[in-house]
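Student: I should like to work through this structure and understand the reasoning behind the terms used to describe it. May I put my questions to you in turn?

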Amino acid sequence: MDRRTFVIGTAACVAAAPAIAQTPFPSHAVTILVAFPPGGANDILTRPIAAALEPILKQPVVVETKAGAGGQIGAQVAATAKPDGYTLLSHNNGISGYAEVDKLFGRQPKTTRADFIPLARLIADPVLLLVNDQQPYKTLKDFIDDAKKRPEAIVYRSGGLYGATHLPMAILEKATGIPKLRHLPTNGGGPAITALLGNNAQASTQAISASLPHIKSGKLRALAAFGATRSKVLPDVPTLKELGFDAEYYLWVGLFAPKGTPADIIATLSVALDKAALSEQFKSVVNSLGQEYSYQNAKDFAAFWAADAKRSDEAVQLIGKQG
Amino acid sequence: MESTLFSLAHGFAIAFQPDNLWYAFLGCLVGTLVGVLPGIGPLSGISILLPVTFGLNATQAVIMLAGIYYGSQYGGSTTSILMRIPGEASSVMTCIDGNAMAKKGRAGAALCIAAVGSWVAGTFGVIALTVVAPPLATIALKFGPPEYTALLVLGLIFLAYMSSSSLVRTLLMACIGLMLGMIGIDNMTGHFRYSFNLTELGDGIGIVPVAVGLFGLGEILSTPSHKVIGEVIAPKFRELWPSRKEWNESYWPIGRGTLLGFIIGIIPGSAHIISSFLSYALERRISKHPEEFGRGAVAGVAGPESANNSASTGAFVPMLALGIPTGPIPAVLMGALMVHGIAPGPQLVTEHPDVFWGFVASMYVGNLMLLALNLPLVGLFVTVLRIPYAYLYPLIIMFCVIGVYEVNHSIVDVWIMLIMGVLGYALRKFSFDPAPLVLGLVIAPIFEQSLRQSLIMSNGNYFIFFNRPISAGLLIVCIVLLGMSALTFILKRKDWRDKLAAAEAGEPIA
């Protein structure tokens with residue numbers, strides 16, 4: 001190739017560039033970054049939705065794991081990705097709280113909620129207040145009475161400080177007016193349930209999907225649910241709202257696009273996601289997690305996320321800085 | 001018992017179905033490959049192949065994924081022995097004496113012993129899993145933060161037996177490891193420690209990049225600085241097999257490693273990583289020739305390799321019996337089951353006997369397959385050593401980089417590996433042994449967390465460690481060990497370590 005053909009070729013490419021940009025989205029593979037390790041709810045739910053998206057978008061949809069630092073790494077990578085609709089993020093509650101925690105510690109937040117555009121909520125799993133079978137409490141009232149009688153005596157275990165299984169306990173403490181319980185942070189929801197089963201902690205707040213097998217076997221008892229309505233799989237567990245306490249909390253999984261993604265691409269993706277969420281593939285996975293179908297489209301999810309973020313910020317402030 | 005045997009027979013009927021056999025074989029094969037390739041650990045192997053299993057039924061999926069897991073534990077010893085590159089944290093100890101054996105021309109023997117030890121350990125693990133899983137799992141749940149703290153104190157004491165260099169050098173390395181283990185988010189307060197504003201350091205420094213860097217890269221970097229003899233020792237076929245003496249030296253270590261590994265493996269949490277370290281230290285402590293360790297002691301290969309395999313089988317006990325994951329790999333396996341609509345947990349045996357017993361039976365079959373797969377491959381693997389370094393080493397470095405990146409998809413991990421490679425080179429030049437550093441790094445975060453959790457549980461009262469039987473028992477073992485060492489010191493007996501120190505100072509060994 002001599003220099004002239006090179007120049008002409010390059011010029012032709014430059015001239016053609018706007019034309020390429022106008023080819024309808026998507027023209028190549030879309031990547032969904034999953035901010036949590038394989039085997040978790042994010043991974044399990046994102047894979048079937050990605051598979052269902054492929055025939056709709058007529059492009060491959062790749063699921064890539066970017067886990068670490070409680071989901072912050074994935075959020076950060078997605079926030080700095082090119083906002084062209086080809087990089088999406090699968091995240092959960094965590095994304096609501098990072099900025100508030102950073103504020104508490106006087107750190108410059110790496111990502112804020114404004115960095116992301118909500119696309120869809122794949123699931124909302126109500127949190128349960130759980131105790132193990134060695135505890136005497138049969139109802140929420142028993143639990144509250146004892147917590148008031150013996151402040152700081154009941155130990156509860158969470159999956160991590162300021163995490164999705166720590167915040168609901170702070171919300172519960174405020175709503176019921178019980179003095180602070182003793183908090184034992186672990187790394188991850190699995191270890192927290194292990195500790196509860198082994199009576200190394202007396203209580204914990206965990207999502208239904210993670211605790212259902214143990215509730216069925218009688219090793220754990222659910223005293224109350226943080227959902228707005230009773231769960232179909234646990235119809236005997238009253239909600240906190242029914243019992244007269246203003247407390248609500250879910251472990252949810254949602255999809256996001258980075259800030260600055262053009263509106264028409266967001267619209268294309270939303271339509272495609274709404275369709276993909278109706279696929280049998282996705283529904284059966286939701287079912288197998290012992291969950292009710294709780295998909296939300298972009299608009300509803302935006303409203304839900306705003307309310308959830310408010311709850312999350314308040315809870316982080318309630319907990320405050322620990323040492 | 002009779003019903004167990006009946007169920008197991010039913011399980012074998014499922015495991016011997018041609019397609020299930022095929023998936024078990026596929027899992028074992030992929031696992032062996034994953035184990036052999038440096039850096040690529042079982043977690044990344046399973047994660048990559050997880051989507052493939054969505055098209056299979058639940059039994060096939062779990063048979064294949066589990067095959068990858070225990071298959072990689074077999075293969076993990078290969079690069080450790082041949083090239084001194086640990087595929088993952090648990091093969092670090094195999095590097096030391098395994099590679100020393102290879103340098104003496106006994107690579108084939110070391111690989112055979114590792115394979116047979118793995119088979120014994122794997123099969124014992126499955127038998128134990130079949131017979132005693134539910135009661136054991138319930139006891140394992142009792143293992144809370146205070147017990148962890150006590151176990152890790154024991155681990156710290158065993159550090160002293162870890163290395164073939166003098167005590168001062170060992171402790172120095174261990175301290176660096178413990179300090180590196182402090183990096184990351186403090187789980188108790190949410191502060192970032194020594195993270196230099198890198199979010200990637202939030203989870204701390206990974207063990208795989210450090211182990212691969214210190215051992216593998218360090219070894220490769222130091223090769224050009226000494227004279228490499230062009231001719232590689234090419235053993236004859238007969239010499240591939242261990243001699244009678246080597247077999248005799250490995251019986252007991254295999255037995256002890258198997259038992260120790262299984263007990264540690266069923267503990268929920270990340271304790272299984274230290275099983276091979278503890279086994280190595282134990283073998284050295286009770287050996288009549290502790291000075292041979294680090295110079296190609298057979299027991300230093302047989303013990304840790306068996307321990308790490310039975311620990312990986314033991315890790316299935318809490319997962320299958322109680323539905324709780326003991327580590328990241330069982331967590332992925334549980335995720336795979338849940339995708340198929342099966343919730344692992346106490347009801348698994350009654351609600352899905354086909355999955356449970358088919359899976360258990362497939363592990364008996366899989367272990368045999370692995371032995372059949374690995375023993376003939378020993379000859380092939382040993383020939384890898386004949387590839388000239390100029391071709392072999394760049395390839396190895398490439399696999400190290402890919403493997404380390406693949407674990408977390410993190411470029412920061414690759415940098416950590418490279419920096420550790422340079423450090424590993426320096427340590428080799430000054431004859432420091434990096435193994436205690438790796439153990440320190442493994443222990444530090446778990447130890448800190450469990451100590452602080454225990455104190456939260458007891459409201460600051462240190463007696464919690466003596467009130468609970470398991471932790472009290474472990475601490476008594478620690479005290480006895482320290483007492484015995486003190487006695488040696490007081491009576492001014494010369495032990496093997498003095499001989500080492502003397503040798504290091506250039507004096508003739510008395």
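Student: In which loop of chain A is P26(A) placed?

Tutor: This is a predicted model, and in it P26(A) has its place in the loop between α1 and β1 (30-34) of chain A. A cis peptide bond joins F25(A) to P26(A), with omega at about -5°.

Student: What is the predictor's confidence in chain A?

Tutor: The mean pLDDT of chain A is 85, and 93% of its residues reach 70 or more. Confidence is lowest in helix α1 (residues 3-21) of chain A, at a mean of 48, and highest in strand β8 (residues 220-225) of chain A, at 93. Over residues 9-20 of chain A the pLDDT is below 50, and this stretch has zero contacts in the model beyond near neighbours in sequence. Where pLDDT is low, the predicted coordinates should not be read in detail.

Student: How is chain A divided into domains?

Tutor: There are domain 1 (28-124 + 251-319) and domain 2 (126-225). The C-alpha centres of domain 1 and domain 2 of chain A lie 27 Å apart. Their contact takes 17 residues from domain 1 of chain A and 13 residues from domain 2 of chain A. On the side of domain 1 of chain A that touches domain 2 of chain A, α4 (94-104) and α11 (298-319) each supply at least two residues, and α11(A) gives the most, with six residues.

Student: How many residues of chain A are in contact with chain B?

Tutor: In chain A, 46 residues are in contact with 42 residues of chain B. To the side of chain A that touches chain B, α7(A) gives the most, with six residues. By class, that side of chain A has 21 nonpolar, 18 polar and seven charged residues.

Student: What makes chain B as compact as a globular protein of its length?

Tutor: The secondary structure of chain B comes to 23 helices and two strands. For 510 residues the globule rule gives 24 Å, and the radius of gyration of chain B is 22 Å, close to that value, so chain B is as compact as a globular protein of that length. Its C-alpha trace spans about 65 × 60 × 50 Å along the principal axes. Of the 510 residues of chain B, 57% count as buried.

Student: What share of the contacts in chain B with a separation of 6 or more comes from residues 24 or more positions apart?

Tutor: Such residues account for 80% of those contacts in chain B.

Student: Why is G67(B) called buried?

Tutor: A residue is buried if 20 or more other C-beta atoms lie within 10 Å of its own. G67(B) has 28 other C-beta atoms within 10 Å, and therefore G67(B) is buried. G67(B) is found in helix α4 (residues 58-83) of chain B. Leaving aside neighbours within four places in sequence, G67(B) is in contact with A24(B), G27(B), C28(B), G31(B) and G366(B). The C-alpha atoms of G67(B) and F25(B) are separated by 7.6 Å, although these residues are 42 residues apart along the chain.

Student: Where are Y194(B) and S431(B) found?

Tutor: Y194(B) is in the loop between β2 (192-193) and α9 (207-222) of chain B, whereas S431(B) lies in the loop between α19 (411-429) and α20 (435-457) of chain B. Y194(B) has a positive phi of about 45° although it is not a glycine. S431(B), also not a glycine, has a positive phi of about 45°.

Student: Which residues have the most contacts inside the largest nonpolar core?

Tutor: They are L119(A), V62(B), L65(B), A110(B), A211(B), L333(B) and V438(B), in a core of 258 residues. Helix α6 (residues 107-141) of chain B supplies the largest share of this core, 20 residues. In soluble globular proteins, nonpolar side chains tend to be buried together.

Student: Which residues is V438(B) in contact with?

Tutor: Leaving aside neighbours within four places in sequence, the contacts of V438(B) include A89(B), V92(B), I207(B) and A211(B).

Technical notes: Residues numbered from 1 in each chain as written. Chains lettered and ligands numbered in written order. pLDDT = per-residue confidence, 0-100. Helix = DSSP H or I, 4+ residues; strand = E, 2+ residues; numbered from the N terminus. Contact = placed C-beta atoms within 7 Å. Nonpolar A, V, L, I, M, F, W, Y, C, P; charged D, E, K, R; others polar. Rg over C-alpha atoms; globule rule 2.2 N^0.38 Å. Buried ≥ 20, exposed ≤ 12 C-beta atoms within 10 Å, placed from the backbone. Core = buried A, V, L, I, M, F, W, Y, C linked by C-beta atoms within 7 Å. Domains from an automatic or database assignment.
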